[in-house]
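Me: I would like to go through this model one element at a time, with the cut-offs stated as they come up. Please show the sequence and the structure before we start.

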Amino acid sequence: MRAGIVNVQLPGKKSQLRWSVSDGAGEAPVLTQLLSTSGHALNTRCGGRGLCQGCRVNLTEGAVLAAEGVVKAPAEIRACQARAAEVEISIEVPLRSLLAHRPQICTRFATRVSGGARALIPVRDGICDHGLAIDIGTTTVVVALVDLRDGRIVAEAAEFNKQIALGDNVLTRIELCMNDPVMLRRLQHAIQQETLVPLVREVCRESGLGFERIGAVVIAGNTTMLHLFCGKDPTGMGHVPFTPQFLDHRVETPTTLGWVPENANDDWLGANVPVHLLPGYSAFVGADITAGYYCSGMIYNDAPTLLVDIGTNGEILCQRAGKLLAAATAAGPAFEGTRLQHGCRAVAGAVSAVRFGAAHWPAELERIPGSVHCPGLCGTAYVDFLAEARRTGLLTEQGRFNPAIYNALPKEAQRQGPWGKALQLHPDWPTATISEADVAELLQAKAAVAAGINTLLHQLGLTAADIATVYLAGGFGMHLRLANATACGLLPGFLPEQIALVGNTALGGAYLALLDETVIPEMVRSTGRAETVELNQDPDFEDRYLDALGLL
């Protein structure tokens, strides 16, 4: 028997973890595994493959066995790739690496359509008069309990999608299912039992209503999330021709889905309560965008319009004269901190806004309330930085620090390390640091979104100036400074006044579908007339992408 100790310094507390393995049983457990079983799960966004930097910790004493060999303290290591190489080691876990840090989740949405008089189900006062609207996002999940008699949202609850402990994005989760069929059940368990069961319980507890009052459930989500919720194999979407098992509107029940608490004696939804899964457009433009198309009012807008949802995945709809194009582009992970030195999701304490004055330094920073600690910078801060640093000349068009300005900054602002040249934005916050490597990642992400938008505009014979309204959906969009989003080229060629912030329209579409029996048929009709554009098949997409990599 071999055993050891890992001393863990967490924000505000210490913990001592013990491990042991039988002789001949192999190496010590991977650090992320050890931390997770002890209640300190880390951001293993890439499924523990060592690709995303989300689980970085500081090795302060001892040595670990990592992918590159034995690493001795002091060193920064990826916990998913490291095992204790000595009997006792010590690590420090920064706040940004903890999965348990509660996210800021957008539950607000703008509805730009009127509702009908008849709800999705017959309403019986005091018996069956409420419904659940659910948005299953790749990163976050929102549940709203809706009074079907008057449309009030009487309670809502939100949390991380527990699948992120297994993989950060849809492609990672699809690949997990491809490599190991058992992962499908693990991912389904994570969304059904670990995420949704507690959230539904929370809204019922908050409202004081019994489960018997819930007569219907409507769920929006991208195509992969709906497959995993249903336990349907998503691997057909992992390779050409990207074929999902279903895109149509489906009506299930808790019984057919196996969506019941693991303790059979617990109260739960009625066995035959209808669970509506909204229809989607394609493998990567899903029901969340169908819901947004309806909720935003774009479905009834005859003028040239655009819907953009920049989340974990970037999804785009564009229409002109009755023609509707849909596309998806891989951009979102960078704006949620993936592969950025001090990137993090929009959690309490994170830097959310950046402004530069005439002196360039220190920058004016705004942080999300709720924590004295600063885990890093979230996506909106990075968009601000790109626009502000370019406006003031701190960044060149190629995304490099301008030597004439950077070298004149105080030495405490200048940083150099494995990430290359970097800038600490403020002396009080070492984690508010941005490197040239970070900027390169961000430019690739914003170029993917911009090139996707420009490709759809081109195929419809439009320019940015022709668009009457850009509907910007999702929580990320709700907190963007629009002038900076346009200035850095994330929304290329548009003016801030063209842009309408519509919030969590995936949740909004599910909400409207509960209240009006005509909504789902309208959504189904919209999917029938949409044409999906595979951006990589467009001969000019790569040129548009390269053109968008710079900062004008």
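Me: In the hairpin of S10 and S11, which residue takes a positive phi?

Reply: This is a predicted model, in which local features need pLDDT of at least 70 and side-chain atom pairs count only at pLDDT 80 or more, while totals for chains, interfaces and linings use all residues. Residues are numbered from 1 along each chain as its sequence is written, and side-chain values use heavy atoms, with hydrogens and water left out. Strands are DSSP runs (E, at least two residues) numbered from the N terminus, as are helices (H or I, at least four). The hairpin has five residues between S10 and S11, and the one that takes a positive phi, near 80 degrees, is Gly151.

Me: In which sense do S10 and S11 pair, and over how many bridges?

Reply: Two strands pair if DSSP finds at least two bridges between them. Val142 stands opposite Ala158 in S11. Strand S10 (residues 140–147) and strand S11 (residues 153–160) pair in the antiparallel sense, and the number of bridges is seven.

Me: What is the bridge partner of Leu132 in S10?

Reply: A hairpin of three residues joins S9 to S10, and these strands pair in the antiparallel sense over seven bridges. Within S10, the residue bridged to Leu132 is Leu145.

Me: How many of the residues of strand S10 are buried?

Reply: Buried means under 20% relative accessible area, exposed over 50% and partly exposed in between (1.4 Å probe, protein chains only). S10 is mostly covered, and of its eight residues the number that are buried is seven.

Me: Is the pair of Phe109 and Tyr511 stacked, edge-to-face or tilted?

Reply: Rings of Phe, Tyr and Trp (its six-membered ring) pair if their centres lie within 6.5 Å, and planes under 30 degrees apart count as stacked, over 60 as edge-to-face and the rest as tilted; by this rule there are eight aromatic pairs. The ring centres of Phe109 and Tyr511 are 5.4 Å apart and the planes are at 50 degrees, so the pair is tilted.

Me: How many residues apart are Phe109 and Tyr511?

Reply: Tyr511, in helix H13 (residues 505–515), pairs with Phe109 in the loop between strand S8 (88–92) and strand S9 (130–136). Tyr511 counts as buried because its relative accessibility is 13%. The pair links distant parts of the chain, the separation being 402 residues.

Me: Over which ring does the charged end of Arg250 sit?

Reply: A charge sits over a ring if NZ of Lys or CZ of Arg is within 6 Å of the ring centre and within 35 degrees of the ring normal. The charged end of Arg367 sits over the ring of Trp429, 4.2 Å from its centre. For Arg250 the charged end is 4.4 Å from the ring centre of Phe246.

Me: Which side chain does a polar contact of 2.6 Å join to that of Gln319?

Reply: Gln319, in strand S16 (residues 314–320), is buried because its relative accessible area is 5%. A polar contact is a pair of N or O atoms within 3.5 Å; within protein, one must be able to donate a hydrogen and the other to accept it, and residues adjacent in sequence count only if both atoms are side-chain atoms. The backbone oxygen of Met298 lies 2.8 Å from a polar atom of the Gln319 side chain. The contact of 2.6 Å between side chains joins Gln319 to Tyr293.
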